[in-house]
Amino acid sequence: MNTFARIAGTGSYLPEKVLTNKDLEAMVDTTDQWIRERTGIVKRHVAGEGQTTCDLAEQAARRAIEAAGRQVDDVDLIVLATTTADKIFPSTACLLQQRLDIHGCAAFDVQAVCTGFVYALGVAEKFIRTGSASCALVVGAETFSRIIDWSDRGTCVLFGDGAGAVVLEAADEPGILSTHLHADGAYENLLHVPGGVSRGFDVDDAEGDPRYTHMKGNEVFKMAVNTLGRIVDETLQANDMKKSDVDWLVPHQANIRIINATARKLNMAMDKVVVTVDQHGNTSAASVPLALDVAVRDGRIRRGEVLLLEAFGGGFTWGSVLLRY
Ligand code: UT7
């Protein structure tokens, strides 16, 4: 019998501290109106002093394990997507494993920036389908606020912190129907943090402080809209499905205008699209699992429905997951 992978439970966590558009008006030359009209964002959560990506991930993971009706000891794989690891090493997945007091199972991070969770889900699904794992904890967690220049209005209004998680378990029926992962490294400089362990954090970069996120927003916007439109087609074709077969779009939450464009491409009414960008901003790898958990917990997404998860981010990376929930 074939082994498939299904989502058994979801969880998420947002740090307590909230930053509104009004708060940002006092920090940079921006307005609440500009941020709402150009991005759809109203507020975002940011990690408190000393609060780390692993702290957020732990809360989301525990909630997902509880929702799945599982125990931490059942987990036999941890895949954690993040751009903002607590330490250079060990991986944040290993730190999370320690927090959960699990010992021995494989645990590693995946780095695909905003597409990170979609990548992590794609990887974990392969482990389950090949019989290498039967109960995977898949997490997207970020403290993106740590790599933001809070004096740069072009980026600081966009991002937020948070974590989302799912428990993925072996099943006789899907579950995950297909995953589609892509990257094109040629676009490195449109969206990046120039510094790093190997290059150093004091490199002389023409674009500014190498510790922080730099983005050519308008060019990224156009690429995101076109690329996400294409991946919708690719995903439906691979499954021989029609647009109308999709019950819910759970998109990466970067900008409401990008989400609207993808929904239009799917002929989908906005009440079938999970939108959290207004409340969370762009939480990078956490955005898709956070949105999924919100819509599962408020009862919108029900068992048996078909969900299209998609994301686009630095790299560029992009991907989708089609699944029956
Ligand atoms: O998750 C990873 C993928 N990331 C994304 O998908 C982000 C994609 N990009 C975007 O969402 C949008 O491009 C932004 C929201 C970043 C910017 O919106 P835009 O409509 O593309 O604006 P723009 O960059 O073309 O800038 C328009 C104007 C400029 O002023 P001028 O040159 O027309 O006078 C900017 O300087 O808006 C100005 N501006 C701002 N004004 C007030 C840029 N940022 C701000 C701001 N407040 N925060």
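View 1. A backbone N or O atom of Gly217 sits 3.0 Å from an oxygen atom of the ligand. Polar contacts here are pairs of N or O atoms within 3.5 Å. The protein covers 72% of the 950 Å² of accessible area that the ligand has on its own (Shrake-Rupley method, 1.4 Å probe).

This is a predicted model, where local features need pLDDT of at least 70, side-chain atom pairs count only at pLDDT 80 or more, and totals for chains, interfaces and linings use all residues. Residues are numbered from 1 along each chain as its sequence is written, and side-chain values use heavy atoms, leaving out hydrogens and water.

**View 2. Who stands around the ligand.** There are 22 residues around the ligand, and Thr30, Arg38, His252, Asn255 and Asn282 come nearest (a residue is near if one of its heavy atoms lies within 4 Å). Sorted by class, this shell holds 11 nonpolar, 7 polar and 4 charged residues; Gly counts as polar in this scheme.

**View 3. Where the shell comes from.** Helix H2 (32-39), helix H7 (217-238) and helix H8 (256-265) are the elements that give two or more residues to the shell. H7 gives the most, with 4 residues. Helices are DSSP runs (H or I) of at least four residues, numbered from the N terminus. Domain 1 (4-172) and domain 2 (178-324) each supply at least three shell residues, with bounds from an automatic or database domain assignment.

Terms used
Polar contact = N/O pair within 3.5 Å; in protein donor to acceptor, adjacent residues only side chain to side chain.
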